[in-house]
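Me: I am new to this structure. Please take a close look at the nonpolar core: which residues touch the most other members?

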Amino acid sequence: MTATQGRPAAGDGTNGDLAAESPGATESPGAGEGSAGRSDTVAGVVGQWRVVRPELDTGPMEIVGRVNRCAALLQQAESAPLRRAGLSRPEFDLLGALMRTGHELTPGELARETFSSGAAVTKRLKVLTERGLVERRGDTRDRRVSHLRLTDAGRDLVDAVMPEQLAYEGAVLSPLDDDRQNELADLLGELLSRLEGHLRTRQP
């Protein structure tokens, strides 16, 4: 995933794709205000649960539900820079992984870097290699293993798209000022670290 530290210039307008789909603008019928006077779609869901099951602690839903809702909206939003480049977000993530790591990766390593399944990576790599953005090199010791790297065209494309994509994501986050964005990044980072640590300890 890309970082979102860049800030768009005033009047950039690149967040238009998502503005109409913001949680507050898509409130479900019958949605009521949740705790602290919130009025987004998740607050409506929480309010309904409080009516039918008032004994339940819906606090976790207010966080997990909002994280999931934000993720769904961001995935649905069409990103103009990627669309102009003819790339899907998962395809761009693969190109970005090859760029930022600075060395060749196997398909399995790419899957781990992009939190994707092996089958999904294989399908995306087929598209990217056919477009001449990624090239394969066979392993000299094991024919079953291939090593992947960006072509010059792939590197040029990432170099061109990355600044535009960061500006787009900055525009999406622009309703929050810098301090609030940093606070949100810290909280999400803490949650993610704890979740990743918890999952690692549960693995056999």
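Reply: Read along the sequence, the pattern is α-α-α-α-α-α-α-β-β-α-α. That makes nine helices and two strands. The model is predicted, so local features need pLDDT of at least 70 and side-chain atom pairs pLDDT 80 or more, while totals for chains, interfaces and linings use all residues. Residues are numbered from 1 along each chain as its sequence is written, and side-chain values use heavy atoms, leaving out hydrogens and water.

Now the core. A nonpolar core is a set of buried Ala, Val, Leu, Ile, Met, Phe, Trp, Tyr and Cys residues joined through side-chain atoms within 4.5 Å. Buried means under 20% relative accessible area, exposed means over 50%, and partly exposed is in between (1.4 Å probe, protein chains only). The largest core has 21 residues. L87, L95, L110 and V134 touch the most other members. Six elements each supply at least two residues: α4 (80–85), α5 (89–101), α6 (107–113), α7 (118–130), β2 (146–150) and α8 (152–172). The largest share, five residues, comes from α5. In soluble globular proteins, nonpolar side chains tend to be buried together.

Contact means heavy atoms within 4.5 Å.

Step back to the whole protein. Buried residues make up 29% of its 204 residues. Among contacts with a separation of 6 or more, 56% join residues 24 or more positions apart.

Some nonpolar residues sit on the surface instead. I63, V64, V67, L176, L184, L188, L191 and L195 form a nonpolar patch there. Such a patch takes residues with over 30% relative accessible area and no salt bridge, with like charges joined within 9 Å and nonpolar side chains (Val, Leu, Ile, Met, Phe, Trp, Tyr) within 5 Å. Together these residues have about 640 Å² of accessible area, computed by the Shrake-Rupley method with a 1.4 Å probe, where only the protein chains shown count as cover for residues. Helices α3 (59–76) and α9 (178–202) each supply at least two members. The largest share, four residues, comes from α9. L176 is in the loop between α8 and α9. L176 counts as partly exposed because its relative accessibility is 32%.

Helix α3 has another partner. The buried residues of α2 pack against α3. They are T41, V42, A43, G44, V46 and G47.

Charged residues come last. A salt bridge is a side-chain nitrogen of Lys or Arg within 4 Å of a carboxyl oxygen of Asp or Glu. The structure holds 15. R66 pairs with E62, their closest N and O atoms 3.2 Å apart. Both R66 and E62 are buried. They are four residues apart in α3, so about one helical turn separates them. D40, R50, E62 and R66 are linked in a salt-bridge network.

In α8, which also supplies core residues, R155 forms a salt bridge with D152, the closest N and O atoms being 3.3 Å apart. R155 is partly exposed at 34% relative accessible area. D152 is exposed at 57%.
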